[in-house]
Amino acid sequence: MNHKNIQPSSVEPFPVQTRSSFVTDELSKITSTLREVCPVDAAISLHFDGKLHLHIDVRNMESVMGIEAMLPTLGAGLFHDIQRGPTPHQPFFHRVSAIVDR
């Protein structure tokens, strides 16, 4: 057997996949900003259907009015199209919804 023609095999590791947490980081910033100004028991949720929607569910109308007044002042216009309505399947909660511009 002629060993001159055999190339030493080299095994290269797969490239390391770096995971981007950009979207998660942005959503966490938005949620943290809201947690600082909303009532402690407020339920804050986001959903995406081509636009990013914010929902804040609270127990009393005073909180609704405070949130409606405060949202336009946060993040230099980050929240717009602010609306109020009932919270689905939660008859004792009130919902403030907005579109998030991010």
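Is histidine 89 buried or exposed? Histidine 89 is exposed, with a relative accessible area of 77%, and its place is in the loop between S3 and S4. The model described here is a predicted one, and its secondary structure comes to two helices and four strands, which follow one another from the N terminus in the order α-β-β-α-β-β. The radius of gyration is 24 Å, well over the 13 Å that the globule rule gives for 102 residues, so the protein is more spread out than a compact globule.

**Overall dimensions and surface**

- Taken along the principal axes, the box filled by the C-alpha atoms of the protein is roughly 90 × 30 × 25 Å.
- Of the 102 residues of the protein, 28% count as buried, and the accessible surface comes to about 7800 Å², of which 57% belongs to carbon and sulfur atoms.
- When contacts in the protein between residues at least 6 apart in sequence are considered, 44% of them join residues at least 24 apart.

**Strand S2 and its two partners**

- Strand S1 (residues 43-48) and strand S2 (residues 52-58) run antiparallel and are joined by six bridges; within this pairing, alanine 43 stands opposite aspartate 57 in S2, and histidine 47 stands opposite histidine 53 in S2.
- The hairpin of S1 and S2 has three residues between the strands, and in this hairpin glycine 50 takes a positive phi near 105°.
- S2 also pairs with S4 in the antiparallel sense, over seven bridges, and here histidine 53 stands opposite isoleucine 99 in S4.
- S2 is mostly covered, since seven of its seven residues are buried.
- In a regular strand the side chains alternate between the two faces of the sheet. In S2, Leu52, Leu54, Ile56 and Val58 point one way while His53, His55 and Asp57 point the other way, and all of them are buried.

**Histidine 55 within S2**

- What is the relative accessibility of histidine 55, and how is this residue classed? Histidine 55, whose place is in strand S2, has a relative accessibility of 13% and therefore counts as buried, the cut-off for that class being under 20%.
- The side chain of histidine 55 makes a polar contact with the side chain of histidine 47, at 3.1 Å.
- Leaving aside residues up to four places away in sequence, histidine 55 touches Ala43, Ile44, Ser45, His47, Arg95, Val96 and Ser97.

**Helix H2 and its packing**

- At the start of H2, a side-chain oxygen of asparagine 60 reaches to within 3.4 Å of the backbone nitrogen of glutamate 62.
- Helix H2 covers residues 61-70, and in this helix Ser63, Val64, Ile67 and Met70 are buried. Seen down the axis of H2, these buried residues fall within an arc of 135°, so they line one face of the helix.
- An α-helix has 3.6 residues a turn, so residues three or four places apart point the same way.
- The other side of H2 holds Glu62 and Ala69, which are exposed.
- Which elements do the buried residues of H2 pack against? These residues pack against helix H1 (22-37), S2, strand S3 (79-87) and strand S4 (90-100).
- Serine 63, which lies in helix H2, counts as buried because its relative accessibility is 16%, and the limit for that class is under 20%.
- With residues up to four places away in sequence left out of the count, serine 63 touches Pro39 and Val58; Val58 is one of the buried residues of S2.

- Most residues other than glycine have a negative phi, and most peptide bonds are trans.
- Aspartate 81 is not a glycine, yet it has a positive phi of about 55°, and the place of aspartate 81 is in strand S3.
- Histidine 89 likewise is not a glycine and has a positive phi, of about 65°; this residue sits in the loop between S3 and S4.

Terms used:
Residues are numbered from 1 along each chain as its sequence is written. This is a predicted model: local features need pLDDT of at least 70, side-chain atom pairs count only at pLDDT 80 or more; totals for chains, interfaces and linings use all residues. Side-chain values use heavy atoms; hydrogens and water are left out. Two strands pair if DSSP finds at least two bridges between them. Buried means under 20% relative accessible area, exposed over 50%, partly exposed in between (1.4 Å probe, protein chains only). The arc is that of the directions from the helix axis to the C-beta atoms. Contact means heavy atoms within 4.5 Å. A polar contact is a pair of N or O atoms within 3.5 Å; within protein, one must be able to donate a hydrogen and the other to accept it, and residues adjacent in sequence count only if both atoms are side-chain atoms. The radius of gyration is taken over C-alpha atoms; the globule rule is 2.2 Å times the number of residues to the power 0.38. Accessible areas come from the Shrake-Rupley method with a 1.4 Å probe; for residues, only the protein chains shown count as cover.
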